[in-house]
Amino acid sequence: MTRILEHTDDSVLVGIVPQDCGNCGQRTDRVRLSLDVVMSSGRDFLGIRSLATTPCCNGKRSAPYPVEHLARLLDHLKDCSNPH
Ligand SMILES: [Zn+2]
Ligand SMILES: [Zn+2]
């Protein structure tokens, strides 16, 4: 599992191998993962995806992280008081 730096009820900030942000080009070593509801233009529910937000510029992109894993992790962090 990736290194968890901090978390809220619906997102988790994880450490990553330093890389250039795809959005602004700034070097970043962390990314915020959250679940994102995907709707069609007609506002139909299409599904859930993992969303990665880079803290440098709030750039958003789909995260290559399984939705079920992220959902379970967020759920776990909600009532777990252990440091991660
Ligand atoms: Zn950026
Ligand atoms: Zn735990």
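I started at Ala52, which stands opposite Arg61 in β5. Strands here are DSSP runs (E, at least two residues), numbered from the N terminus.

Before going on, I noted that this is a predicted model, where local features need pLDDT of at least 70, side-chain atom pairs count only at pLDDT 80 or more, and totals for chains, interfaces and linings use all residues. Residues are numbered from 1 along each chain as its sequence is written, while chains are lettered from A and ligands numbered from 1 in the order in which they are written.

Next I looked up how β4 meets β5: four bridges join them, and they run antiparallel. I count two strands as paired if DSSP finds at least two bridges between them. The two form a hairpin with four residues between them, and Asn58 in the turn has a positive phi of about 60 degrees.

Then I went back one strand. β3 pairs with β4 (residues 45–54) in the antiparallel sense over eight bridges. Val38 has Gly47 as its bridge partner in β4. This hairpin has five residues between the strands, and Arg43 takes a positive phi near 65 degrees.

What joins β2 to β3? I found seven bridges between β2 (residues 11–20) and β3 (residues 27–39), which run antiparallel. Gly15 stands opposite Arg30 in β3.

Last, I checked the whole sheet. It is open, with five strands in the order β1-β2-β3-β4-β5 and antiparallel pairing. β1 (3–7) and β5 (59–62) are the edge strands, each pairing on one side only. Neighbouring strands are turned by 40 degrees against each other on average, direction ignored; axes are lines fitted to C-alpha atoms, and angles run from 0 to 180 degrees between N-to-C directions.
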